[in-house]
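The structure is shown below.

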Amino acid sequence: MTKVSPEFGGEVEMQLIQSVSADVSFDSSQFPKYKLGPDNQILEEIEENNKGPPLKEVVFQETTQLTEQHIRLSVRDLASKFDKNLAAAAKLSDEAKLREVASLEGHVLLKKLRDALEFLKGRLAGQNKEDVEMAISMVEALAVKLTQNEGELIQEKFEVKKLVNFLKQASEDAKKLVNQERSFACAEIESARAVVQRIGEALDEQERDNLTSGKKQEMEELMEEIQEARRIKLLHQPSKVMDMEHELRALRIQIREKCTISFKLQKELAVNKRAEENKFRLYDISGSETLGSIIRVEPCSDESVELSKCSLQWYRLSSECSRREPIVGADKFVYAPEPIDVGRVLQVDILANGQKVSVTTTGPIEPAFGLANYVETLQRKANSEFSVIVAQMNGRNYSSRSAHSFHVGKTRMKLCKGWITKARDSYSKSMQLCGFRGGGNSAAKSLYWQPRKGQTFVLVFENERERNGALVLARKYAYDCNVMLAGPDDDALL
């Protein structure tokens with residue numbers, strides 16, 4: 001083993017210190033401490049007390065805080081937060097640059113230290129040489145560790161740059177949002193100012209209108225007082241206008257009286273003319289010529305043949321009395337007009353002893369009062385029900401006089417007694433419905449119904465209005481079903 005003299009060792013140490021400290025500046029006053037394992041591997045690095053947390057933790061904390069507060073922050077607060085984070089990211093970038101410079105200095109230091117150890121290795125031998133080789137392996141291990149730290153530093157630098165870019169973009173977006181919200185707020189402020197201005201103008205105009213209306217009301221009251229004063233003056237001092245008004249009023253009264261007298265005279269003349277004509281007539285028609293009443297043929301001369309020995313036939317005349325249609329089945333001296341006869345003149349032929357006498361009503365049959373409103377009320381119902389008595393069934397008198405229900409629906413008609421249905425049919429061409437034409441005191445309340453061929457009924461209603469209403473309503477519903485509902489041979493009249 002070769003010994004190294006103290007002078008030689010001191011000389012080498014002086015040369016090494018001079019060569020290392022000439023170009024390198026140290027951040028700390030002591031050499032870092034490591035724990036070496038087999039083959040001079042660094043197993044654990046003793047952590048140094050840094051001034052702040054690692055860069056990754058700082059970035060993670062800032063990102064988490066931004067994510068949590070993004071919903072709660074307003075646009076302006078978000079913009080200020082982005083600006084603060086941008087400044088923090090710039091500061092972190094500067095710190096990363098300083099660490100990069102320190103890392104570069106560490107590489108230079110390690111390189112010079114390794115060169116000095118290599119130089120010392122060539123000068124030494126024996127145990128000292130082995131110690132130098134061990135020191136060289138330690139320096140190489142430190143270089144590897146420093147290289148790993150540089151890789152992590154580069155990754156952190158990349159993340160910092162990425163965060164800086166993201167924060168810059170977010171800051172710009174936040175500024176745009178702030179500007180946009182500012183413009184919206186300005187527009188709303190201007191709109192609010194305009195609304196306030198319009199409201200103020202409206203209030204001013206309302207005040208002016210109130211003043212004007214007050215003046216108008218005063219003027220109207222003054223005009224009323226003036227007119228009342230003029231009226232009082234005219235009452236105390238009558239003028240020519242007042243005299244003319246009194247004369248006109250008297251003339252109106254006289255004209256009304258003369259019209260009344262003229263109407264009475266015309267009525268008396270008509271009665272006298274009718275009496276003169278009846279002197280030469282053998283028969284006449286009596287009764288109210290309105291719907292819901294009964295008209296009768298009566299003899300008016302001693303030379304008239306009894307009606308029981310005569311044959312009669314009723315006819316409907318057209319509006320111009322140029323054509324007449326026979327009323328099939330109406331061959332009695334009593335006839336009850338039905339709704340189809342309204343507006344037509346009726347005529348009856350009386351054949352006695354080979355002579356035919358024709359008697360005509362004085363005018364067309366008048367409609368019944370209130371029938372139209374009654375039918376409109378029935379139309380509002382889905383199904384109209386009437387209480388009736390069956391007088392005849394299939395041409396024969398019906399023995400039972402119990403009450404039945406007659407239903408007039410929108411698509412069919414039905415006759416039933418309690419739960420028992422006597423007849424039920426839809427509107428069809430074979431169905432017939434008309435007023436009863438067989439005479440009798442209840443003819444105005446009776447109708448003839450043929451649901452189908454071979455089945456007929458004569459139904460008696462409680463009053464004339466229900467009978468006529470049922471006829472009109474059934475014909476309206478049948479017309480909606482494209483069916484003309486009438487009596488025998490009455491289709492031409494509809």
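## Overall make-up

The protein chain of this predicted model has seven helices and 17 strands. Of its 494 residues, 28% count as buried, and the chain exposes about 33600 Å², of which carbon and sulfur atoms supply 53%. Among the contacts with a separation of 6 or more, 56% come from residues 24 or more positions apart.

## The pair α6 and α7

Two packed helices are described by the angle between their axes and the distance between the axes. For helix α6 (residues 371-379) and helix α7 (residues 464-480), the axes come within 10 Å and cross at roughly 60 degrees.

On the α6 side, the contact is made by Leu371, Tyr374, Val375, Leu378 and Gln379, while α7 contributes Arg465, Glu466, Asn468, Gly469, Val472, Leu473, Lys476 and Tyr477. Sorted by class, the contact of α6 with α7 has seven nonpolar, three polar and three charged residues.

## Ile327 in its loop

Ile327 is found in the loop between β6 (324-326) and β7 (334-335). Is Ile327 buried or exposed? Its relative accessibility is 0%, so Ile327 counts as buried, the cut-off for that class being under 20%.

Leaving aside residues up to four places away in sequence, Ile327 touches Gln313, Trp314, Tyr315, Arg316, Tyr335, Leu346 and Arg437.

Conventions. Residues numbered from 1 in each chain as written. Predicted model: local features only at pLDDT ≥ 70, side-chain atom pairs only at ≥ 80, totals over all residues. Heavy atoms only, no water. Axes fitted to C-alpha atoms, helices over the stretch in contact; angles between N-to-C directions. Helix = DSSP H or I, 4+ residues; strand = E, 2+ residues; numbered from the N terminus. Contact = heavy atoms within 4.5 Å. Nonpolar A, V, L, I, M, F, W, Y, C, P; charged D, E, K, R; others polar. Buried < 20%, exposed > 50% of the residue type's maximum accessible area, 1.4 Å probe, protein only. Areas by Shrake-Rupley, 256 points an atom, 1.4 Å probe, with all protein chains shown as cover.
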